[in-house]
Amino acid sequence: MLEVCRYVLYFFTYAFIGYVCEVIYCSIPKKKFVNRGYLYAPICPIYGYGAVIVILCFDWLTKYPWGFVLVAIGGMLLTSLLEYLTSFVMEKIFHMRWWDYSNHKFNIKGRVCLLNSTLFMLLVMILMYGIHPIFKSLYAKIDPVFVYAISAVLLSEMIVDTVFSTIKVVDLKAMLAKSEEIISEKVTKFREKYTLNNFEKSLKSFSSRFPSMKVIKEKTGFVKLKEYLARIKKPKEE
């Protein structure tokens with residue numbers, strides 16, 4: 001049980017580091033702060049899950065001189081598979097594509113691409129041979145009581161955060177489903193519940209955090225959130 005709780009700490013540690021990397025990676029090109037992440041807390045769970053899976057699968061290989069080759073290749077394949085499955089599942093649940101690599105070379109259905117997979121491979125190597133040995137040694141020294149307590153608090157926070165974050169996304173999904181009626185001003189009750197200002201604020205928030213985020217439309221396929229913003233602003237300006 002203690003070892004499980006330590007892995008919980010690993011998860012949150014690397015989810016936070018992943019969040020920081022994402023923010024830096026996305027903020028520098030835009031020259032402004034971009035708050036990345038699905039949750040309210042400053043973590044990207046996909047990095048936490050990826051790190052834990054890689055550690056469970058390949059930690060034993062780091063003891064061997066030749067292990068780095070398998071760690072690099074295996075880590076690249078596992079993290080790419082995780083990214084692909086996460087994109088697929090979230091698209092099926094929310095009818096939204098949170099990232100799209102269709103414009104990148106050597107991509108698979110826009111869900112993964114060679115560039116990102118290569119970056120993930122580098123992160124895996126840094127994790128396994130640089131960062132993780134430090135945190136593994138550090139967390140091993142923490143009193144078990146504190147390990148149990150901290151992991152319990154973090155898990156509780158994540159559960160609550162996930163619930164509220166999901167509600168927010170579902171709410172956005174409902175608004176997008178009515179977007180055509182909002183734009184054409186056909187539904188008064190909906191306008192009373194979700195004002196255009198609040199709707200725009202939600203769209204701006206998600207489009208800034210996920211610039212390539214798209215919504216599935218039955219007739220037109222994928223539509224970027226930025227296109228919704230442009231269409232909503234146009235009637236108001238007139």
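1. R111 sits in the loop between β2 (107-108) and β3 (112-113) while E91 belongs to helix α3, so the pair ties together parts that are 20 residues apart in sequence. Both R111 and E91 are buried. For the terms: a salt bridge is a side-chain nitrogen of Lys or Arg within 4 Å of a carboxyl oxygen of Asp or Glu. Buried stands for under 20% relative accessible area, exposed for over 50%, and partly exposed for in between (1.4 Å probe, protein chains only). Helices (H or I, at least four residues) and strands (E, at least two) are DSSP runs, numbered from the N terminus.

2. A word on the model before going on. It is a predicted model, in which local features need pLDDT of at least 70 and side-chain atom pairs count only at pLDDT 80 or more, whereas totals for chains, interfaces and linings use all residues. Residues are numbered from 1 along each chain as its sequence is written, and side-chain values use heavy atoms, with hydrogens and water left out.

3. R111 has another contact to look at: it lies over the face of Y84, at 5.4 Å from the ring centre. A charge counts as sitting over a ring if NZ of Lys or CZ of Arg is within 6 Å of the ring centre and within 35 degrees of the ring normal.

4. How many salt bridges does a search of the whole structure find? The search gives 3. One of them joins D59 and K136, whose side chains meet at 3.1 Å, N to O. This pair links distant parts of the chain, with D59 in the loop between α2 (45-58) and α3 (67-94) and K136 in helix α4, 77 residues apart. K136 is partly exposed, at a relative accessible area of 39%.

5. E3 and R6 also form a salt bridge, with 3.5 Å between the closest N and O atoms. These two residues are 3 apart in helix α1, about one helical turn. E3 is partly exposed at 42% relative accessibility, whereas R6 is buried at 13%.

6. Now for the rings: the structure holds 10 aromatic pairs. In Y7 and Y10, the ring centres are 5.1 Å apart and the planes are at 80°, so this pair is edge-to-face. Rings of Phe, Tyr and Trp (its six-membered ring) pair if their centres lie within 6.5 Å; planes under 30 degrees apart count as stacked, over 60 as edge-to-face and the rest as tilted. Both Y7 and Y10 lie in helix α1 (residues 2-30), 3 residues apart, about one turn of the helix. Y10 is buried, with 3% relative accessible area.

7. F135 and Y139 make a tilted aromatic pair, at 5.7 Å centre to centre and 40° between the planes. They are 4 residues apart in helix α4 (residues 114-140), which is about one helical turn. F135 is partly exposed, at 22% relative accessible area, but Y139 is buried at 10%. Ring pairs link Y7, Y10, Y14, F135 and Y139 into a cluster.

8. Which helix holds I159? I159 is found in helix α5 (residues 144-177), and it is exposed at 57% relative accessibility.
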